[in-house]
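Please look over the following structure together with its sequence, and then read the briefing below, which is arranged by topic.

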Amino acid sequence: MIFRLYKGSLVLIRCHLARLMGERKLKIADVARETGLNRNTVSLLYHETAQKVDLDAINKLCKLFQCQVGELFEYTEGNTE
């Protein structure tokens, strides 16, 4: 999960890479090899601990999983008060 504080609200961006990988029975090493992404990048997204994501990485993942960005990431917002 990626958390950001923005104007009094907690912004949470969920990454569904683990679910997409599970559906296809892929390992982190498989995704890194198929996309050319660094294994650490894939691991951070898989464990939802990434602080930022490069657009090229998003493009490669969407291409591999044949999905839209909204299927890979989900935006939610909550109040911090």
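**Briefing on the helices and the core**

A polar contact (a pair of N or O atoms within 3.5 Å, where within protein one must be able to donate a hydrogen and the other to accept it, and residues adjacent in sequence count only if both atoms are side-chain atoms) of 2.9 Å joins the side chains of aspartate 30 and arginine 33. This is a predicted model, in which local features need pLDDT of at least 70 and side-chain atom pairs count only at pLDDT 80 or more, while totals for chains, interfaces and linings use all residues. Residues are numbered from 1 along each chain as its sequence is written, and side-chain values use heavy atoms, with hydrogens and water left out.

**Helix 2**

- Aspartate 30 belongs to helix 2, which covers residues 28-35 (helices are DSSP runs of H or I with at least four residues, numbered from the N terminus).
- With a relative accessible area of 18%, aspartate 30 is buried (under 20% relative accessible area, with a 1.4 Å probe and protein chains only).
- The buried residues of helix 2 are Ile28, Asp30, Val31, Ala32 and Thr35, and they pack against helix 1, helix 3 and helix 4.
- Glycine 36, whose phi is positive, near 80 degrees, follows helix 2.

**Helix 1 against helix 3**

- The axes of helix 1 (residues 17-24) and helix 3 (residues 39-46) come within 8 Å and cross at roughly 105 degrees (axes are lines fitted to C-alpha atoms over the stretch in contact, and angles run from 0 to 180 degrees between N-to-C directions).
- Helix 1 is therefore roughly perpendicular to helix 3, a description that applies to angles of 65 to 115 degrees.
- Leu17, Ala18 and Met21 in helix 1 meet Val42, Leu45 and Tyr46 in helix 3, where contact means heavy atoms within 4.5 Å.

- Leucine 45, which lies in helix 3, is buried, with a relative accessible area of 2%.
- Although leucine 45 and cysteine 15 are 30 residues apart along the chain, their C-alpha atoms are separated by 6.5 Å.
- Leaving aside neighbours within four places in sequence, leucine 45 is in contact with Cys15, Leu17, Ala50, Val53, Leu61 and Phe73.
- Of the 19 residues in the largest nonpolar core, Leu17, Val42, Leu45, Leu61, Phe65 and Leu72 touch the most other members (such a core is a set of buried Ala, Val, Leu, Ile, Met, Phe, Trp, Tyr and Cys residues joined through side-chain atoms within 4.5 Å).
- The largest share of this core, five residues, comes from helix 4.

Key. Helices (H or I, at least four residues) and strands (E, at least two) are DSSP runs, numbered from the N terminus. Buried means under 20% relative accessible area, exposed over 50%, partly exposed in between (1.4 Å probe, protein chains only). Angles under 35 degrees count as roughly parallel, over 145 as roughly antiparallel, 65 to 115 as roughly perpendicular and the rest as oblique.
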